[in-house]
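Student: I have a model open here and would like to go through it with you. Could we start with the strands and then move on to the helices?

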Amino acid sequence: MQWSEGSAFPIEDALEMIFVFDRRGTISYANVTAKKKLEYEEDLNGRHISDIFPGTFKASDDGFCTEYPFGTQIQNLVAYRKNLTCFPVETRIIESTVHPENYICMANDTLEKEYLNREITHVKQEAEQALKVKSEFVANVTHELRTPVNGVLGNTRELLDQVTDEQILKSLRLIERCCGDMNKIINNILDFSKLEAGKFVLEPRRFHFRNMLDYVRSQHINKLTEKGLGFFMTVSPQIPEYVVGDELRIVQILNNLLSNAQKFTAVGKITVEVVRTARVNDKIELFFIVKDTGIGIDKADRDKLFQSFSQVDASISRKYGGTGLGLNICKQLAELMGGKIEVESEKNKGSTFSFSIWVGICEGDDALSAQPEDNAARPGMFMAAPQEEEGNAEDAILYGTPENKEVLKKSLSKLILCVEMENWEKAEMFMETIRQLTQGAPREVSRLILKLKMAVQKENYEKVSAGYEELSELIK
Ligand code: ADP
């Protein structure tokens, strides 16, 4: 085999210098980098290896003598250019296994490597600093935005108590709702930018664990009941009454997961389960499982779910708003609390979000510490839901089945009831349920659903009534 430049040698353009020399020390190949760095215009072939590394290789009668320890271990040598100036290099010289008569030498300019490493660190630091400045700016702006929004909200609430005119009341309620939505977005952006800037600080304190869960339940139960969804919560007796953690942030993760579960579930139930999975000294690991029977998420979409600004279905996101930051914030919060968040889901078969966190326990609070942990509920081994009936959520989702027809009719009558009571916010919620229930329906049904949805969004009573009549007739 000839080590010639002309051959299609894959290492020709490598960033490190590469030589091949034989047992006599004669170089039979040098790549372009080697020629450039050693400043040889002509070919290096035919030169002796001692021309490059005179301090390590000496020419002798039978080739060369050296104490170089051949092998993959990196050795620091000094390489000489053609003009006899030199520079330090990191080398590995191995005996070729394919051509045992040859040695292969790979050498890196140490100074250049150090310079590049310094440059990379510098560029990285600059990028991090720029991100930090940007995040700080966003945090400041959103913080400043809060004041005027809360000012509008406060004044609107005051006016709501004073005004009796129905038309003005309607407008004021709309302003109140918009301010509430705006506050949610501002809070999300604020949390996100603080997390990104590394300025987020947890505030752990001792709190009553089950009271916290009751509070979470109270925030969702009305919406879930109105939607006709079952809601079940189970807590392992292994979890002590009081734990030490950032209650506000645990509530935030649960609220986000439950709002999503409610948002994306038309029929069936939502279950929350909390178990204790480990204890190390005065800390225990809690594992939360939030399971729904909703629209589910494709495998491809699941991977980008926890990225910031990522929403799976643009049409649903447009309908509900949202910044796509919720799950990313949950992920970062769970990680800050020493845990992680995961999702298991299948399209049209519901989703199961689970997250773990570590909380502290105070002396005397953990009366049950001698008992084993709830190991059955480790990630990937979701415990069965409590004793309630499994229901027929899947059939109800499938358009055309008797179950679907029944749930669809119920949702339609709830929609029209809300419209009659001018509760447009709830009407929109039922409209989304109806949309989910009619996925895969014939075109004439889909077209009517779209019309009905637009009428609800425009709060047009006449058009909603007409659409309702038409649709009811069609699905009779
Ligand atoms: P946002 O802050 O806009 O609500 P999230 O980060 O909470 O965004 O959610 C991102 C997207 O993940 C949602 O827009 C939705 O497409 C999908 N998603 C989240 N939870 C569920 C769920 N339980 N079922 C189906 N899709 C979900």
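Student: How many bridges join β1 to β7, and which way do the two run?
Tutor: In this predicted model, strand β1, residues 17-22, is joined to strand β7, residues 102-109, by six bridges, and the two strands run antiparallel.

Student: And what is the bridge partner of Phe21 in β7?
Tutor: Phe21 is partnered by Tyr103.

Student: What order do the strands of that sheet come in?
Tutor: The sheet is an open one of five strands, ordered β2-β1-β7-β6-β5, with antiparallel pairing. Its edges are β2 (27-30) and β5 (71-80), and because each of these has a single partner strand, one side of each is left without a neighbour in the sheet. On average, neighbouring strands of this sheet are turned by 25° against each other, direction ignored.

Student: Switching to helices, at what angle do α6 and α9 pack?
Tutor: Helix α6 packs with α9 (residues 326-336) at an angle of about 145°, their axes being 10 Å apart, and the crossing of α6 and α9 is left-handed.

Student: Which residues meet there?
Tutor: From α6 they include Ile253 and Leu257, and from α9 they include Ile329 and Leu333. The residues of the contact of α6 with α9 divide into seven nonpolar, four polar and one charged.

Student: What about Val267, buried or exposed?
Tutor: Val267, which lies in the loop between α6 (247-263) and β11 (269-280), has a relative accessible area of 7%, so Val267 is buried. Its C-alpha is 9.3 Å from that of Gln436, although Val267 and Gln436 are 169 residues apart in sequence.

Technical notes. Residues are numbered from 1 along each chain as its sequence is written. This is a predicted model: local features need pLDDT of at least 70, side-chain atom pairs count only at pLDDT 80 or more; totals for chains, interfaces and linings use all residues. Side-chain values use heavy atoms; hydrogens and water are left out. Two strands pair if DSSP finds at least two bridges between them. Helices (H or I, at least four residues) and strands (E, at least two) are DSSP runs, numbered from the N terminus. Axes are lines fitted to C-alpha atoms, for helices over the stretch in contact, and angles run from 0 to 180 degrees between N-to-C directions. Buried means under 20% relative accessible area, exposed over 50%, partly exposed in between (1.4 Å probe, protein chains only). A crossing is left-handed if the near helix is turned anticlockwise from the far one by less than a right angle, and right-handed if clockwise. Contact means heavy atoms within 4.5 Å. Ala, Val, Leu, Ile, Met, Phe, Trp, Tyr, Cys and Pro count as nonpolar, Asp, Glu, Lys and Arg as charged, and the others, Gly among them, as polar.
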